[in-house]
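I opened the notebook to look up how this chain is put together. The sequence and structure come first, my entries after.

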Amino acid sequence: MFPLPEEARCRTMAVVRGSIHDEKIRECGGMPYVSLAFRLAGKAELTVEGVTLCSEKNHVTLLPQQMPYKARYDQNEMIFVHFSTDVPLYEEMYDASLRHPEEVCGLLCRLLAVWERRALGYRVEADALLMQVLVACARDGQGEDETYTAACDLLRARCDDPTLSVDEVAAAVRVSPSQLRRLFHARRGESPCRYLGDLRLARAAELLCRGESTVAQTAERCGFADARYFARVFKARYGCTPSQFRLR
């Protein structure tokens, strides 16, 4: 998506689901911080200088500070992150449809949960998650080899299948399970199992945001055979139970 300097430093200023004081944004001509917007679902859109951005699901938009914009969205269908930085990179606007949005969606949902929970050290954790979001966006635009791409495609396509295994994915892309694990660790710094879990949790967070499914239905739709296990890993990731997340 965009080059990311090695020395990039960012400070999270606000994380919200939906717009942040839309009337005040129009009056002041833009936030005093860099703004990142990610569309989860629904009819959400972002208008900048008469041009509609973020008009499709899984778009990510990065706006420089003081750039005026107008947001229209269904309730809870967009996540906004406002942050400060001295890196010149963020003086330009970027808008792109991510090829692998699940990772970014999952990180942003975690960031939102951390910011809303405001536990001890939440700002440090929020800044670390923000950097992971920016790195994931930057990496999304880089070239990937066919084996890794095919494996990711299969994991995304079947993340709701509780029977899907690393062995099956490896066989489908014609490598050994150990080769697949080494490839994922080299590319992502995590195992294919962890990536699959991230996909499922990100999808679950999205469904819970939309409020269209019960917790049990969400667990089933996202490939979790055991609703109690789903609740446990969801709380470990987002800091609250699925029920609490759904009611926000």
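Entry 1. Before looking for a core, I wrote down the term: a nonpolar core is a set of buried Ala, Val, Leu, Ile, Met, Phe, Trp, Tyr and Cys residues joined through side-chain atoms within 4.5 Å. I also noted that this is a predicted model.

Entry 2. I looked up the largest nonpolar core and found 50 residues in it. Those that touch the most other members are Leu36, Val81, Phe83, Tyr90, Leu108 and Phe234. Several elements supply at least two residues each, including strand E2 (34–39), strand E7 (78–85) and helix H9 (227–238). Helix H2 (101–117) gives the largest share, ten residues.

Entry 3. I checked what Leu36 touches, leaving out residues up to four places away in sequence. Among its partners are Val60, Leu62, Ile79, Val81, Phe83, Leu108 and Val133.

Entry 4. I found another core apart from the largest one, with 17 residues. Cys152, Leu164, Leu196 and Leu199 are among them. As a general note, nonpolar side chains tend to be buried together in soluble globular proteins.

Entry 5. I turned to helix H7 (192–210). Is H7 mostly covered or mostly uncovered? H7 is mostly covered, with 14 of its 19 residues buried. From first C-alpha to last, H7 reaches 27 Å, close to the 27 Å expected. After H7 comes Gly211, with a positive phi near 70 degrees.

Entry 6. Last, I took the whole protein chain. I counted ten helices and eight strands. Of the 248 residues, 50% are buried. The accessible surface comes to about 12,000 Å², and carbon and sulfur atoms hold 48% of that.

Note on methods
Residues numbered from 1 in each chain as written. Predicted model: local features only at pLDDT ≥ 70, side-chain atom pairs only at ≥ 80, totals over all residues. Heavy atoms only, no water. Helix = DSSP H or I, 4+ residues; strand = E, 2+ residues; numbered from the N terminus. Buried < 20%, exposed > 50% of the residue type's maximum accessible area, 1.4 Å probe, protein only. Areas by Shrake-Rupley, 256 points an atom, 1.4 Å probe, with all protein chains shown as cover. Contact = heavy atoms within 4.5 Å. Expected span 1.5 Å × (residues − 1).
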